[in-house]
Amino acid sequence: MVRGKTQMRRIENATSRQVTFSKRRNGLLKKAFELSVLCDAEVALIIFSPRGKLYEFASSSMLETIDRYQKHGREIQADNPHQEHNMQQLKIEAASMMKKIEQLEASKRKLLGEGLATCTIEELQEIEKQLERSVHTIRARKVQLYKQQIEQLKEKGKSMAAENAMLRDRLGGWKGEKGPGLGSAMDVSEICDVETDLVIGLPEARSGPPATLFL
């Protein structure tokens, strides 16, 4: 069975969201363990559930790994402060982009009629205006396509009419070159009389010469 592509957005249904969190959390913890064993890597994983429950995995000591991470970050910042500034800027931009994406997703869901319970009258009126503008644009485009199809059919009809006229002209010229048909070449008045023997009556009662019938 082929699995469909998962859309990267927040799952609205609370039950489905919890089930997905449990499955992916267990898969992530398993992957972290496999990475530490197979590659002899120092791995530390911290997960907080939507309700604030902590899940963690550490291949050695969680505190030692965190201290090592913080020390590494301070060393990078001391060696290259511009890089740290750029990283912070990128994080801010990424957070801003994620916020915009969430807003667009929420707007899309509202246009589809979902998540309207928290909307005010003004928001609902604005959504209604957006839908009316969208419908107007769609109808205008549909009318334009209909007109284009009608023009194409008209051009096709003209082309077929011209082709039919050309075929009629060719057929008329072919008849003129062929001349009169075979039936008109024979004159009925020139047909000779055909003599045939016709016997009327039973064979044993027949007497005298046979009758002659002229057609």
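User: How far can I trust it, what's the mean pLDDT?

Analyst: This is a predicted model, and the mean pLDDT of the protein chain is 80. A pLDDT of 70 or more is reached by 76% of the residues. Residues 181-192 are a stretch with pLDDT below 50, and beyond near neighbours in sequence that stretch makes zero contacts in the model.

User: OK. How many helices and strands does the protein chain have?

Analyst: There are four helices and four strands. Going along the sequence, they come as α-β-β-α-α-α-β-β.

User: Switching to pockets: what volume does the largest pocket have?

Analyst: About 330 Å³.

User: Which residues line it?

Analyst: The lining of the largest pocket consists of Thr6, Gln7, Met8, Arg9, Arg10, Ile11, Arg17, Thr20 and Arg24. By type, that lining splits into four charged, three polar and two nonpolar residues.

User: How do you find empty space like that in general?

Analyst: You roll a probe the size of a water molecule over the atoms, and that shows where empty space is left.

User: Now Asp40. Where is it?

Analyst: Asp40 is in the loop between α1, residues 14-39, and β1, residues 44-48. Its phi is near 55°, which is a positive value in a residue other than glycine.

User: Is Asp40 buried or exposed?

Analyst: Asp40 counts as exposed because its relative accessibility is 71%, and the cut-off for exposed is over 50%.

User: What about Ala41, where does that one sit?

Analyst: Ala41 is also in the loop between α1 and β1. With a relative accessible area of 28%, Ala41 is partly exposed.

User: Which residues does Ala41 touch, leaving aside neighbours within four places in sequence?

Analyst: Ala41 is in contact with Leu35, Ser36 and Ser59. Ser59 is 18 residues away from Ala41 along the chain, and their C-alpha atoms are separated by 7.9 Å.

User: Next up, Ser49. Buried or exposed?

Analyst: Ser49 is at 12% relative accessibility, so it falls under the 20% cut-off and counts as buried. Ser49 lies in the loop between β1 and β2, the latter being residues 54-58.

User: Last one, Thr65. Which element is it in?

Analyst: Thr65 is in helix α2, which covers residues 62-79.

User: And why does Thr65 count as buried?

Analyst: Because its relative accessible area is 12%, and buried means under 20%. Once neighbours within four places in sequence are set aside, the contacts of Thr65 are Glu42, Ala44 and Ser60.

User: Can you recap the single residues for my notes?

Analyst: Asp40 is exposed, and Ala41 is partly exposed. Ser49 is buried, and Thr65 is buried too.

Technical notes
Residues are numbered from 1 along each chain as its sequence is written. This is a predicted model: local features need pLDDT of at least 70, side-chain atom pairs count only at pLDDT 80 or more; totals for chains, interfaces and linings use all residues. Side-chain values use heavy atoms; hydrogens and water are left out. On a 1 Å grid over the protein atoms alone, a cavity is a set of points where a 1.4 Å probe fits but cannot get out, and a pocket is an open set with protein on both sides within 12 Å along at least five of seven lines; lining residues have an atom within 4 Å of a point. Grid points are joined across faces, edges and corners, and a volume is the space filled by probe spheres set on the points. Ala, Val, Leu, Ile, Met, Phe, Trp, Tyr, Cys and Pro count as nonpolar, Asp, Glu, Lys and Arg as charged, and the others, Gly among them, as polar. Helices (H or I, at least four residues) and strands (E, at least two) are DSSP runs, numbered from the N terminus. Buried means under 20% relative accessible area, exposed over 50%, partly exposed in between (1.4 Å probe, protein chains only). Contact means heavy atoms within 4.5 Å. pLDDT is the predictor's confidence in each residue, from 0 to 100.
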